[in-house]
Amino acid sequence: MAVFSSWAAQSQRIFLSFSSNSVKWISNSKTRKSICCSSSSELNPVRLEVCFSVGTHLIPHPNKVEKGGEDAFLVSNFNGGVLAIADGVSGWAEKNVDPSFFPKELMANASYLIDKEEVDYEPQILLGKAHAATSSRGSATVIVAMLEKTGVLKIANVGDCGLRVLRKGRLIFSTTPQEHYFDCPYQLSSEAVSQTYLDAMVSNIDVVEGDKIIMGSDGLFDNVYDHEIISTISRISNVADAAKALAILANEHSRDATFDSPYSLEARGRGFDVPWWKKVIGRKLVGGKLDDITVIVGEVVSS
């Protein structure tokens with residue numbers, strides 16, 4: 001398993017492949033490789049199991065390029081595969097605390113705890129254990145998705161990182177952001193007054209071979225509409241290329257002051273807009289939202 005902190009900004013394709021007797025990690029693979037089950041027999045054929053083929057891409061906030069941004073993410077080959085993103089809350093910089101420390105440690109702890117018996121391969125429990133083990137000051141929104149080899153995807157989400165599941169070009173599942181008020185999401189924190197793993201939104205969904213899982217920090221979903229995600233995934237089959245394309249699209253939208261982004265649309269819906277005198281001349285609040293952008297694209301494949 002591996003944790004990728006915010007400095008790992010290059011696009012990657014990771015193939016998490018399993019058989020009944022072995023586990024293999026194939027990184028930056030350009031072609032899919034097959035693994036044979038040695039325990040099969042003619043009388044008792046082995047039921048095909050599923051796993052992830054994964055592509056990732058991260059683009060830091062333009063003002064945070066030197067430090068690599070404040071997102072961290074995790075890709076693990078345990079069981080059917082585990083994906084996670086933690087988005088550091090930038091407000092900690094005002095207290096002279098590096099906002100990237102907390103999400104990096106949180107993901108490192110999650111990586112260590114994934115296969116522990118007390119976690120029981122449950123994302124909500126994993127969040128709780130990883131949070132309890134994190135000593136850095138700070139806070140983060142976080143999402144974890146754990147795939148059972150049987151095809152059950154288990155998700156736990158605190159805040160506004162998100163996940164979409166696409167099947168044959170259609171959106172079949174979407175997480176819902178959690179927030180106290182506009183632009184103030186739920187978060188795990190070093191402070192006692194924060195949310196805990198018990199506040200996580202937990203979901204289970206059955207997935208099948210060919211389904212695509214798109215996970216991202218809010219830098220993706222604040223700047224890219226679902227129909228753009230569907231179009232990109234339908235057009236680009238390679239998961240690494242798809243993750244890169246979505247991150248680049250989000251980055252382009254985030255820098256466009258004229259783009260009517262999902263973020264600006266929601267802001268207007270919450271009562272935030274230009275002054276009335278600008279409305280009189282037909283103006284409205286528009287523009288993307290500059291942010292760290294982390295994208296993970298996973299394809300459900302048969303092992």
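Start by selecting L127, which sits in helix α2 (helices are DSSP runs of H or I, at least four residues, and strands are runs of E, at least two, numbered from the N terminus). Before you zoom in, know that this is a predicted model, where local features need pLDDT of at least 70, side-chain atom pairs count only at pLDDT 80 or more, and totals for chains, interfaces and linings use all residues. Residues are numbered from 1 along each chain as its sequence is written, and side-chain values use heavy atoms, with hydrogens and water left out.

Is L127 buried or exposed? L127 has 3% relative accessibility, so it counts as buried (buried is under 20% relative accessible area, exposed over 50%, partly exposed in between, with a 1.4 Å probe and protein chains only). Now show what L127 touches: setting aside neighbours within four places in sequence, its contacts are V142, V144, A156, V158, L188, Y197 and A200 (a contact means heavy atoms within 4.5 Å).

In soluble globular proteins, nonpolar side chains tend to be buried together.

Keep α1 and α2 on screen. How do they pack? Their axes are 8 Å apart, at an angle of about 125 degrees (axes are lines fitted to C-alpha atoms, for helices over the stretch in contact, and angles run from 0 to 180 degrees between N-to-C directions). That makes α1 and α2 oblique to each other. At the meeting place, pick out F102, E105, L106, N109, A110 and L113 from α1, and L126, K129, A130, H131 and A133 from α2.

For another helix pair, go to α4 (residues 226-235) and α5 (residues 239-254), whose axes are 9 Å apart at an angle of about 145 degrees. Here E228, I229, T232 and I233 of α4 meet A242, A245, L246, L249 and H253 of α5.

Now jump to P185 in strand β12 (residues 184-185). P185 is buried too, with a relative accessible area of 13%. Not counting residues up to four places away in sequence, P185 touches T141, G159, D160, Q178, E179 and H180. With D160, the C-alpha separation is 6.0 Å, across 25 residues of sequence.

Last stop: colour by pLDDT, the predictor's confidence in each residue, from 0 to 100. The chain averages 87, and 84% of the residues score at least 70. Select residues 6-10, where pLDDT stays under 50, then residues 13-44, where it is below 50. Where pLDDT is low, the predicted coordinates should not be read in detail.

Note on methods. Angles under 35 degrees count as roughly parallel, over 145 as roughly antiparallel, 65 to 115 as roughly perpendicular and the rest as oblique.
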